[in-house]
Amino acid sequence: MHQLISYTVILPLVGFLFNSFLFLFSPKAKKNTAVEQISGTVGTAVIFGSFVISLLIFFELVGLSSESRLFIVPVFDWFYAGNLSVSFSYQVDTLSMAMSLAVSGVGCLIHLYSIGYMHGDEDFARFFAYLNLFIFSMMNLILADNLIVMFLGWEGVGLCSYLLIGFWYQRKFDGVEISTTGEAADKAFIMNRIGDFAMLAAFFILFQAIGSFNFQAVLIGKSALTNEQLFWVTILIFIGCTGKSAQIPLFTWLPDAMAGPTPVSALIHAATMVTSGLYLTARLSPIFYSSPETQIVIASIGATTAILAASIALFQNDIKKVLAYSTVSQLGYMFLAVGVGAYSTAIFHVITHAFFKACLFLGSGSVIHALHEEQDIRKMGGLHKKMPITSLTFLIGSLALAGFPLTSGFFSKDEILTNTFAGGYTFFYVIGLFTALLTAFYSIRLYTLTFLGDSRIDSSRHPLESPLTMTIPLILLASLSLLGGFLGLPEVISSNNFMKDWLLTSTVLTEAHKISHSTEWVLLALSAFISIIGVSTAYFIYSKNIHFLSNETGFGKLAYQKYLVDEIYDRVAVKSVQFFSEKIASPFERFIIKGFFSGFGESILGLGNILRMAQTGVAQNYAIIMALGFVLILGVVIFSGK
């Protein structure tokens, strides 16, 4: 069955080509319902096909011993250059199949939801073409058996995010030095390229030391790396991951990525692009684990990002902005897990986060859809009665995000905190625990202000529940948000942790993170207590309309303004580059570069014009030149006395 893995990639490509053809060659029917039905059905069906194939291969691997769960499926030889040989091959193992199921499964639900959400859009087929291309790129990224093919997918998702964030490229968008969605797309594209340069540098060091880009060869040959090379390889790859997975300092593009249609936000934030960095660090976990210095850097960045973004989310009033900063914060948790060596736990949180964050983003889309593009939660309220399915599923997603006991987010987040504590990183544990409190608070603040209490909706709007194409994905994602945590029950509850056992052969599992059951019970209870306190406090405050957390003065204002990070980047990086370009580089180019080369060129041209007179073809001119030459030579002879 694993030989069919190529089709999980080919099917989304077929969908992209089909929808591109539909968009390009049916311009008169862009708003045609039949075109929408064909485009949406084909676009969703191809992703569902990828999911079914992934599921069949998953069951094949389940039936094998853990040591046998690795296959390399060659597709074709790509290119040769000197000692470099790169094949286009896919790696089927437990890590790639876990990611494949998450990407194709959640991606399929987002495609189904998009049929209802994008109904009536004149570029419906173009949207589905981009979505299919996004999944195609992501599947290449997670299934590649070498760094070059992986990087092809890595850049592919970057391109697709650019196309999708700027899908409505002419719409206004409020951002720092950004006024349209097209500019938000530019920002995401440029910030990701910064990280990509660092990643390419790491690849060059790896190839110089090991002579291969193949994952298996790199992991086997890692002993060829010196400690210094090991540090730089891991730190440079991590810089690349900070761009793709939105960590400090390259996190500011992700909140602006919500400029695209809401299904795009769900796809980028939940199932695809932002998980790329986590996937790569897990794939190369033996290398990362061999560099303790890098591990500390990753844990520090992860913990700092988690609490910084959570504090920003507390003060936001845009329903999608709260979720966007929540994603940045949750990614910080995942990198904290990587930093303390809990790679399988990071992947566990990637998967549960995909369930509940996709549920929340699609739920927010359902609300925005019903309120005709209204996104300010201060102008909502009372939607529970109008939109019961959206409300209930959003509540489940919010509780999972809040780490409420027995939800998926509770088990995966608790496992990160437990591993952090067990690894001796007490300071990071305290940060993580406090961040969990903030997360629980802003999650329920968001739900309460949106769905409960009295309605603050403009009287001209009459919200109704979304159609089935939108609510069915919400119900399925909410169910997964509720039950997905049972894939990784803590050892104190069950000795059978499926996720940890499943990833046994594809990631590093640390034995140092062992604590007694009594300690684990205490940590589990503390996580539950923190979540319950955050949830109940937020519900009490906002259901009673108590004025709390002002974002107009003091710390609240600073957090609302996102600690002015965007403004600082704009002043330090963008404005300084513009100043250098306009005041120094431009005059230098105009007067020195162009002046020198133009002057030199004109001098040569003038000399050529003079010399050309010697080749006029007129006999009289030649006679004059000969006479002048004769006179010149005669003069030299006479006056030199020879």
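**Salt bridges and cysteines in a predicted model**

E374 counts as buried because its relative accessibility is 13%, where buried means under 20% relative accessible area, exposed means over 50%, and partly exposed lies in between (1.4 Å probe, protein chains only). The model is predicted, so local features need pLDDT of at least 70 and side-chain atom pairs count only at pLDDT 80 or more, while totals for chains, interfaces and linings use all residues. Residues are numbered from 1 along each chain as its sequence is written, and side-chain values use heavy atoms, with hydrogens and water left out.

E374 is paired with R461 in a salt bridge, and the closest N and O atoms are 3.1 Å apart. The two residues come from distant parts of the chain, 87 residues apart: R461 sits in the loop between helix 19 (426-451) and helix 20 (468-483), and E374 in the loop between helix 15 (343-370) and helix 16 (383-386). Helices (H or I, at least four residues) and strands (E, at least two) are DSSP runs, numbered from the N terminus. R461 has 25% relative accessibility and therefore counts as partly exposed.

Side chains of opposite charge can pair when their charged atoms come close. The criterion used here is a side-chain nitrogen of Lys or Arg within 4 Å of a carboxyl oxygen of Asp or Glu. The structure holds 8 such salt bridges. One of them joins D93 to R283, with 2.6 Å between the closest N and O atoms. This pair also links distant parts of the chain, as D93 belongs to strand 2 (residues 84-93) and R283 to helix 11 (residues 276-283), 190 residues apart. D93 and R283 are both buried.

Another salt bridge is formed by R126 and D123, whose closest N and O atoms are 2.9 Å apart. Here too, R126 and D123 are buried.

The cysteines are treated by a distance rule as well: a disulfide is a pair of cysteine sulfur atoms within 2.5 Å. The count by this rule is 0 disulfides.
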